[in-house]
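We will then walk through it together.

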Amino acid sequence: MARALELAERGAFTTKPNPMVGCVLAQGDVVVGEGWHVRAGGPHAEAIALAAAGTRAQGATAYVTLEPCAHTGRTPPCADALIKAGVARVVAAIGDPFSEVAGRGLESLHRAGIVVETGLMAAAAREQNRGFLSRVERGRPWVRVKLAMSLDGRTALADGSSRWITSEDARADAHRWRARCGALLTASGTVLADNPHLTVRLGDATEFVPPLRVVLDPGLAIPERSHVFDAAAPTLLLHDDDARVATYQRGPDRAVVASAGGRLDLMEVLKLLAQRGVNEVQTEAGATLAGALLGLGLVDELLLYVAPCVLGAGGLPLFAGVDLAAMSDRYGFSWFDQRRVGNDWRILLRPQRS
C-alpha cells in the first residue's frame, strides 16, 4: 500500500479534478503489476496495473489507495475489470465518497466472491486526497493560504513593496504547490497593486494541468491589460452585479456571487468552485482576503515562507481584520511540516479546530 500511495502521488499535478489513485498487484510478496491514474479521462490506476500484470493478475491481491469505481464515466468501471481479471483479494485504503461510487465498488467485488478489506494506511490516503475528499464530503475545496513573511511577521513594506522577500528557491518551491491546486484565488486589490500572472512556471507544461485563476472583483475594477487576463491559463472573474456585465467586455469567464458591504460571500465562492470540480484552492493575496478567510474558519492549511530579514514596524501584517480582545480568542495552529528551502524556511500549519 505504501508503494501504491507513492505511485498515486505522481499524479498530483495532472489528475485534477479526479483523485490521485495508485494500484499495486501482488502474488504474495511479488509485485506483478502497478499503475497510477495520470490524467482525468485516461485509464485508471487499476486498469494500468492489470494491463501490466496480464495473466499474472489471476489470484493476485490488488492494493489500491481508493475504492475502485463501479460506474461508467469516461472509462469503464474498475471493479468490473478486477473481477474479470480474476483477482482474489482487494485491499482499499479508503472508500470513495463520490455519490456514484460510495461503497458500490466494494460491494460489487464482494458479491463476485473477492475478499475485500479496507483501512490499510487510511490516514495517509485521506491526507493525499484531502482536496478531493473536501470537495465531495464538505461541498467546498480544501483552502490553502500561501504567504511570505519577514522575521518580524511582515509581508511587505508600508507602501506595499514585497518583491522579493523570499529567495528564488522558495519562489520555485511555491510553484510546485501552485501546480497541485485546482484554483489560485486572489483579490482585485492584489491584481491592481502587483499585476501578478498567477501561472505555474515549472518548465514542461505537459507535467501539470494549469490551475484556474480566480479573481474576486466585486466592482469590476481590474483593467483589461492585467496579466491575469492573458491566455497562459483560464481565468474566472467573480463579481457582485450581473447588470454591469452587458457593458463589460473582458474575455474571461465570469460569475455573480452574493455580496455584503462590498465583499463577496467567500463561502459561496468556495461552493461555486467545488461545483466546477476544484479540489484545492491556493490563496495568493494580501492581508485582507487572508484575514477574512481566517475569520470565517475557512483556512485548512497555512503555507508560510519565512525569510531571514526584517521589514520594520510599518510593514504590512499577515492578516487584516483580526482584532482579539483576549488571549483565549487567539487562533491556534499545529505544526504539520517545516523545512529549509534555499535561505528561507517553509512552514506548513493546520488550524486547531475546536
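This is a predicted model: local features need pLDDT of at least 70, side-chain atom pairs count only at pLDDT 80 or more; totals for chains, interfaces and linings use all residues.

Residues are numbered from 1 along each chain as its sequence is written, and side-chain values use heavy atoms, with hydrogens and water left out.

Let us start with the strands. Helices (H or I, at least four residues) and strands (E, at least two) are DSSP runs, numbered from the N terminus, and two strands pair if DSSP finds at least two bridges between them. Strands S1 (22-27) and S2 (residues 30-36) are antiparallel partners, held by six bridges. One of the bridges links Cys 23 to Gly 35 in S2. The two strands make a hairpin with two residues between them, and in its turn Gly 28 has a positive phi of about 65 degrees.

Further along, the pairing is parallel. Strand S3 (residues 61-64) runs parallel to strand S4 (residues 89-92), with four bridges joining them. Between S3 and S4 the chain passes through helix H3 (residues 78-85) in a right-handed β-α-β crossover; right-handed here says that, with the strands pointing away from the viewer, the path from the first strand over the helix to the second runs clockwise. S4 also pairs in the parallel sense with strand S5 (residues 115-118), again over four bridges. Helix H4 (residues 104-111) carries the chain from S4 to S5, and this β-α-β crossover is right-handed. Val 90 is bridged to Val 116 of S5.

Now for the backbone. Most residues other than glycine have a negative phi, and most peptide bonds are trans. Met 121 is not a glycine, yet its phi is positive, at about 55 degrees; this residue is in the loop between S5 and helix H5 (122-128). The peptide bond from Lys 16 to Pro 17 is cis, with omega near 10 degrees, and Pro 17 belongs to the loop between helix H1 (2-9) and S1.

Which rings have a charged end sitting over them? A charge counts as over a ring if NZ of Lys or CZ of Arg is within 6 Å of the ring centre and within 35 degrees of the ring normal. The charged end of Arg 10 is over the ring of Trp 36, 4.8 Å from its centre, and that of Arg 350 is over the ring of Phe 336, 3.8 Å from its centre.

On a 1 Å grid over the protein atoms alone, a cavity is a set of points where a 1.4 Å probe fits but cannot get out, and a pocket is an open set with protein on both sides within 12 Å along at least five of seven lines; lining residues have an atom within 4 Å of a point. Grid points are joined across faces, edges and corners, and a volume is the space filled by probe spheres set on the points. The largest pocket holds about 1300 Å³. It is lined by 45 residues, with Thr 190, Asp 194, Glu 284, Ala 285 and Gly 286 closest to its centre. Elements that each supply at least two lining residues include helix H7 (168-180) and helix H8 (188-194). There is one cavity of 30 Å³ or more, and the largest cavity has about 120 Å³ of space. Among its 16 lining residues, Asn 18, Met 20, Arg 180, Asn 279 and Glu 280 lie nearest its centre.
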